[in-house]
Amino acid sequence: MTQLQATSRPRRPRPKAVTLTEAAAERVREILDNAENAHIGLRIGIKNGGCAGQEYTFAYADAVEPLDEVVEDKGVTVLIEPKAVLFLIGTEIDYETTRLSSKFVFNNPNQTDACGCGESVTIVPAASA
């Protein structure tokens with residue numbers, strides 16, 4: 001029987017589950033700076049609902065939960081709920097302002113459908129590589 005030995009070799013960095021555009025990072029910083037209380041970042045997730053089946057969720061993050069995926073990008077901390085990680089892998093979060101609205105936009109390669117208003121989506125888990 002052999003024993004596994006720990007190597008002193010550093011692990012290669014994992015790719016980020018999500019990335020933010022500069023516009024999205026700037027808006028997250030603005031939201032956190034203007035919040036009533038101090039928060040460590042923004043928590044994102046997915047919940048069942050809407051006409052297409054799922055919706056993205058946002059909330060202030062006050063602490064890192066044990067299974068959260070922590071992403072640091074462009075000076076912003078984003079915490080991803082554990083059950084949402086496989087649905088969000090490869091997603092770029094943008095912030096867009098038009099004449100009629102301002103909103104976060106998820107450019108998600110795992111999204112297969114969206115409702116007409118864009119508030120709900122259908123997402124499949126990322127395929128294993």
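**Working through the model**

Tutor: K74 is partly exposed, at a relative accessible area of 38%. Here buried means under 20% relative accessible area, exposed over 50%, and partly exposed in between, with a 1.4 Å probe and protein chains only. Bear in mind that this is a predicted model, where local features need pLDDT of at least 70, side-chain atom pairs count only at pLDDT 80 or more, and totals for chains, interfaces and linings use all residues. Residues are numbered from 1 along each chain as its sequence is written, and side-chain values use heavy atoms, with hydrogens and water left out.

Student: Where is K74 found?

Tutor: In the loop between β4 and β5.

Student: What does the secondary structure come to?

Tutor: Two helices and nine strands; these are DSSP runs numbered from the N terminus, with helices being H or I of at least four residues and strands E of at least two. The order from the N terminus is β-α-β-β-β-β-α-β-β-β-β.

Student: And what percentage of the residues count as buried?

Tutor: 35% of the 129 residues. The protein exposes about 8900 Å², with carbon and sulfur atoms supplying 51% of that; the areas come from the Shrake-Rupley method with a 1.4 Å probe, and for residues only the protein chains shown count as cover.

Student: Which residues touch the most other members of the largest nonpolar core?

Tutor: L20, I44, V78, I80, L88 and I93, out of 24 residues in that core. A nonpolar core is a set of buried Ala, Val, Leu, Ile, Met, Phe, Trp, Tyr and Cys residues joined through side-chain atoms within 4.5 Å.

Student: Which elements each supply at least two residues of it?

Tutor: β1, α1, β2, β5 (76–80), α2 (85–88), β6 (91–97) and β7 (102–107). The largest share, four residues, comes from α1. In soluble globular proteins, nonpolar side chains tend to be buried together.

Student: Back to L20. What does L20 touch?

Tutor: Leaving out residues up to four places away in sequence, L20 touches A25, V28, D73, K74, V76, V78 and I93. Contact means heavy atoms within 4.5 Å. K74, where we began, is one of that list.

Student: What about V18: buried or exposed?

Tutor: V18 counts as buried because its relative accessibility is 1%. V18 lies in strand β1 (residues 18–20). Beyond four places in sequence, V18 touches V71, V78, I80, L88, T91 and I93.

Student: Different topic. Where does D68 sit, and which side chain is joined to it by a polar contact of 2.6 Å?

Tutor: D68 is in the loop between β3 (54–61) and β4 (69–73), and the side chain in question is that of R43. A polar contact is a pair of N or O atoms within 3.5 Å; within protein, one must be able to donate a hydrogen and the other to accept it, and residues adjacent in sequence count only if both atoms are side-chain atoms. The D68 side chain also reaches the backbone nitrogen of E65 at 2.9 Å.

Student: Why does D68 count as buried?

Tutor: Because its relative accessible area is 11%.

Student: Last one: where is I40 found?

Tutor: In the loop between α1 (22–33) and β2 (41–48). I40 counts as partly exposed, at 40% relative accessibility.
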